[in-house]
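Work through the following exercises with the sequence and the model side by side, and try each task before reading its solution.

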Amino acid sequence: MGKFTDGLEKWVQERDKRQKKRRQDASAVEFLAVKKDVAEAIEAGYSLKTIWEYLKEGKKIRSTYETFRRHVKRFIKTAPKDQPTLAAKNEADASPATNKQPDGKRDATQKADKSEPEEKEKPQLPGTGGFKFDAKPNKEDLI
């Protein structure tokens, strides 16, 4: 082997020792640590580029700007706002039962809600829009 390849081999071995194996989701973890601050800055009117540069200089995040933008879109902009928790859903389900009148009967509004029949889908005439597959065709419709 030549002098160049010997030096290259030594450099690769030293580089592998220096480099730490970074988790694949490390940038997401870093972003989630500063998510609240980023959301406040966005609400205050700062641009994403400015926020990213500030966090990058402060060594709070190590990701690229594109990755930062993806995290903002994923964790802040499309995150559901005020999603009810499981406990809140259980309370909402239990509350209609508490609307009983003293004689043990439920409100008339609750009976009306439950007694309404579900609306059935209206059949469409052939050629009036949409496609509906029927495994058992009407013999009258066949040519």
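**Exercise 1.** Leaving aside its neighbours within four places in sequence, which residues is Phe 31 in contact with?

*Solution.* The model is a predicted one, in which local features need pLDDT of at least 70 and side-chain atom pairs count only at pLDDT 80 or more, while totals for chains, interfaces and linings use all residues. Residues are numbered from 1 along each chain as its sequence is written, and side-chain values use heavy atoms, with hydrogens and water left out. Taking contact as heavy atoms within 4.5 Å, one finds that Phe 31 touches Val 38, Phe 68, His 71, Val 72, Phe 75 and Ile 76.

**Exercise 2.** Describe how H2 and H3 pack, and which residues make their contact.

*Solution.* Begin with the helices (DSSP runs of H or I, at least four residues, numbered from the N terminus): H2 spans residues 26–44, and its axis lies 10 Å from that of H3 at an angle of about 145 degrees (axes are lines fitted to C-alpha atoms over the stretch in contact, and angles run from 0 to 180 degrees between N-to-C directions). Next, list the residues: Val 34, Val 38, Ala 41 and Ile 42 of H2 meet Leu 48, Ile 51 and Leu 55 of H3.

**Exercise 3.** Describe the packing of H3 and H4.

*Solution.* H3 (residues 48–57) and H4 (residues 65–77) pack at about 115 degrees, with axes 10 Å apart. On the H3 side are Leu 48, Lys 49, Ile 51, Trp 52 and Leu 55, which meet Tyr 65, Phe 68, Arg 69 and Val 72 in H4.

Definitions and conventions: Helices (H or I, at least four residues) and strands (E, at least two) are DSSP runs, numbered from the N terminus.
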